[in-house]
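Here's a quick briefing on a predicted model. Have a look at the structure first, then we'll go through a few spots inside it.

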Amino acid sequence: MARARLEVSLPEDVWVGQVTRSHPDATLSVLSVLPTDRGGVALVALRDDDAPEVVRDIDAAEGVEEVELQRAAEDVREAIIRVETTDPRLLLPLSDSRLPVEYPVEITEGTARLTVAGARDRLSAFATALETMGMDYVVEYVHDAIDAEDLLTDGQRDLLGAAIRAGYYDTPRETTLTELADRQGIAKSTASERLHRAEGTVIKRFAEDALDIDPERSPLTQ
């Protein structure tokens with residue numbers, strides 16, 4: 001399974017694209033979506049200097065059946081709304097490819113930023129569906145899911161665990177590399193190299209997942 005982060009440019013005639021392009025400072029965060037026979041219902045968090053005006057424009061947009069205010073902040077810069085629409089354009093390629101999406105999905109200036117997860121063939125089908133519907137997209141990253149058991153070798157995992165338990169990464173350190181190597185029954189040079197490789201693997205994996213840094217970015221369709 002792979003996890004992909006994309007920026008999708010919404011068509012000019014989609015209501016959420018129109019509204020966010022008309023209000024470039026507005027951010028719409030889609031918190032959840034429920035498909036319906038007529039389209040879809042979405043719970044949306046809205047942030048803008050004049051949130052009530054944005055809500056009025058959403059309510060007046062073509063393809064929007066109903067807007068219901070769930071909660072508004074006192075400073076009128078934030079609101080949570082329920083939007084019922086007959087044009088959930090972005091839902092269609094997701095539905096066709098059967099890809100789950102991670103919420104929230106943020107939309108600003110006509111661009112939706114979303115994260116999806118699934119098999120590579122489903123990601124490819126999603127990309128094809130976007131292209132068929134005339135939606136341009138940019139892939140920020142694609143990460144293959146890796147089982148934690150496969151991330152490190154047995155030796156690396158044992159040594160890293162021992163180092164953590166012994167306080168090697170505490171400040172100040174509770175043990176030295178020499179002491180750690182002695183406890184594990186290995187040479188100091190072996191401990192140093194093994195620990196360095198383990199640290200590098202863990203740090204790179206953390207950077208990919210938490211910081212969106214991927215040293216080897218993969219196209220969505222590969």
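Sort the lining of the largest cavity by class and you get 20 nonpolar, two polar and two charged residues. That cavity has a volume of about 320 Å³, and the count of cavities of 30 Å³ or more comes to one.

**The cavity**
- There are 24 lining residues, and V30, V33, L90, L91 and I107 are the ones nearest the centre of the largest cavity.
- At least two lining residues come from each of α1 (15-22), β2 (27-35), β3 (40-47), β5, α3 and β6 (101-108).

- As a rule, nonpolar side chains in soluble globular proteins tend to be buried together.
- Here the largest nonpolar core runs to 38 residues, with W15, L28, I58, I107, L114 and V116 having the most contacts inside it.
- Another core, of 12 residues, lies apart from that one, and A163, Y168, L177 and A181 are among its members.
- Leaving out residues up to four places away in sequence, V116 touches A2, R3, A4, L6, L94, L99, P100, V101 and L123.

**R89**
- You'll find R89 in the loop between β5 (78-85) and α3 (91-97).
- Is R89 buried or exposed? R89 counts as buried because its relative accessibility is 18%, and the cut-off for buried is under 20%.
- The R89 side chain makes a polar contact of 3.4 Å with the side chain of D13.
- Again setting aside residues up to four places away in sequence, R89 touches P11, D13, V14, M133 and M135.

Methods. Residues are numbered from 1 along each chain as its sequence is written. This is a predicted model: local features need pLDDT of at least 70, side-chain atom pairs count only at pLDDT 80 or more; totals for chains, interfaces and linings use all residues. Side-chain values use heavy atoms; hydrogens and water are left out. Helices (H or I, at least four residues) and strands (E, at least two) are DSSP runs, numbered from the N terminus. Buried means under 20% relative accessible area, exposed over 50%, partly exposed in between (1.4 Å probe, protein chains only). A polar contact is a pair of N or O atoms within 3.5 Å; within protein, one must be able to donate a hydrogen and the other to accept it, and residues adjacent in sequence count only if both atoms are side-chain atoms. Contact means heavy atoms within 4.5 Å. A nonpolar core is a set of buried Ala, Val, Leu, Ile, Met, Phe, Trp, Tyr and Cys residues joined through side-chain atoms within 4.5 Å. On a 1 Å grid over the protein atoms alone, a cavity is a set of points where a 1.4 Å probe fits but cannot get out, and a pocket is an open set with protein on both sides within 12 Å along at least five of seven lines; lining residues have an atom within 4 Å of a point. Grid points are joined across faces, edges and corners, and a volume is the space filled by probe spheres set on the points. Ala, Val, Leu, Ile, Met, Phe, Trp, Tyr, Cys and Pro count as nonpolar, Asp, Glu, Lys and Arg as charged, and the others, Gly among them, as polar.
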